[in-house]
Amino acid sequence: MTRVRATTIVAVKRDSQVALAGDGQVTVGDVIMKQRASKVRRMYHDQVVCGFAGAVGDALTLFDKFEQHLEKHQGNLLRAAVSLSKEWRTDKYLRHLEANLVVASADRLLLLSGDGEVIEPDDTDGVAAIGSGGPYAHAAARALLEHTDLSAEEIARRSLEIAARLCIYTNDSITVETLTAQPQAVPSVAIR
């Protein structure tokens with residue numbers, strides 16, 4: 001069977017918003033099999049967004065596993081990611097899966113790989129990207145973050161549009177999911 005090549009996923013964190021965007025192209029060999037696939041999904045009561053690059057069946061397996069870990073760790077993104085990475089590396093079946101994930105909550109952004117990597121971008125970066133067009137989308141998102149006042153959602157969308165112009169495995173049928181951090185309530189102080 002021909003290996004499935006595909007996709008670009010980019011996540012951008014700006015201020016209190018995180019946006020995760022993915023293109024819709026699925027390519028087998030040199031044939032485009034589908035143009036409007038959804039590679040981004042919401043999880044854990046809509047508090048987490050996740051996107052994948054790689055083999056579709058493998059990624060869906062990882063989505064399910066990650067969702068189980070989110071439930072087990074009551075939505076704690078970092079603990080769920082570390083727990084999935086441990087299982088991914090040590091399980092005889094899972095370690096052969098060919099996919100990467102970008103996962104985000106409103107306040108945290110992580111990249112997960114089958115090598116056991118759990119990578120959180122530097123605070124100054126605020127961008128994570130995976131897939132064949134990942135480097136293009138990452139560079140575009142960083143430039144837009146540094147030189148515009150666009151929202152995280154608009155930066156994610158525009159960086160994917162740029163990647164689609166450069167990467168033959170990426171198209172401009174874009175899905176974007178956003179999360180916005182809720183402002184922390186400031187306790188009132190009684191003055192006497």
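Helix 1 and helix 2 meet through L62, K65, F66, H69, L70 and K72 on the helix 1 side and L77, A80, A81, S83, L84, E87 and W88 on the helix 2 side. The model is predicted. The two helices pack with their axes 8 Å apart, at an angle of about 130°, which makes helix 1 oblique to helix 2. Their crossing is right-handed.

- Five strands, in the order 6-7-8-9-10, form an open sheet with antiparallel pairing.
- Strand 6 (40-43) and strand 10 (118-119) are the edge strands, and each pairs on one side only.
- Two bridges connect strand 9 and strand 10, which pair in the antiparallel sense.
- L112 has V118 in strand 10 as its bridge partner.
- Helix 2 packs on this sheet and touches strand 7, strand 8, strand 9 and strand 10. The direction of helix 2 makes about 5° with that of strand 9.

**Nonpolar cores**

- The largest nonpolar core has 22 residues, of which F66, L70, L101, V103 and L112 touch the most other members.
- Two or more residues of this core come from each of strand 7 (48-54), helix 1 (56-72), helix 2 (77-90), strand 8 and strand 9 (109-112).
- In soluble globular proteins, nonpolar side chains tend to be buried together.

- F66 is in contact with M43, V48, L77, A80, A81, L84, V103 and L112, leaving aside neighbours within four places in sequence.
- V103 is part of strand 8 (residues 99-104).
- V103 counts as buried because its relative accessibility is 0%, and the cut-off for buried is under 20%.
- Not counting residues up to four places away in sequence, V103 touches V49, C50, F66, L77, R108, L109, L110 and L112.
- V103 and L20 are 83 residues apart along the chain, and their C-alpha atoms are separated by 8.3 Å.

- Four strands form an open sheet in the order 11-2-3-12, and the pairing is antiparallel.
- Strand 11 (127-131) and strand 12 (175-180) stand at the edges with a single partner strand each, so one side of each has no neighbour in the sheet.
- From one strand to the next, the twist averages 10°.
- Strand 3 (residues 17-22) and strand 12 run antiparallel and are joined by six bridges.
- The bridge partner of L20 in strand 12 is E177.

**Helices across the four-stranded sheet**

- Helix 3 (residues 134-147) lies across strand 2 (8-14) and strand 11, and runs at about 160° to strand 11.
- Helix 4 (residues 152-166) lies across strand 2, strand 3 and strand 12, and its direction is at about 150° to strand 2.

How values were computed
Residues are numbered from 1 along each chain as its sequence is written. This is a predicted model: local features need pLDDT of at least 70, side-chain atom pairs count only at pLDDT 80 or more; totals for chains, interfaces and linings use all residues. Side-chain values use heavy atoms; hydrogens and water are left out. Buried means under 20% relative accessible area, exposed over 50%, partly exposed in between (1.4 Å probe, protein chains only). Contact means heavy atoms within 4.5 Å. A nonpolar core is a set of buried Ala, Val, Leu, Ile, Met, Phe, Trp, Tyr and Cys residues joined through side-chain atoms within 4.5 Å. Two strands pair if DSSP finds at least two bridges between them. Axes are lines fitted to C-alpha atoms, for helices over the stretch in contact, and angles run from 0 to 180 degrees between N-to-C directions. Angles under 35 degrees count as roughly parallel, over 145 as roughly antiparallel, 65 to 115 as roughly perpendicular and the rest as oblique. A crossing is left-handed if the near helix is turned anticlockwise from the far one by less than a right angle, and right-handed if clockwise.
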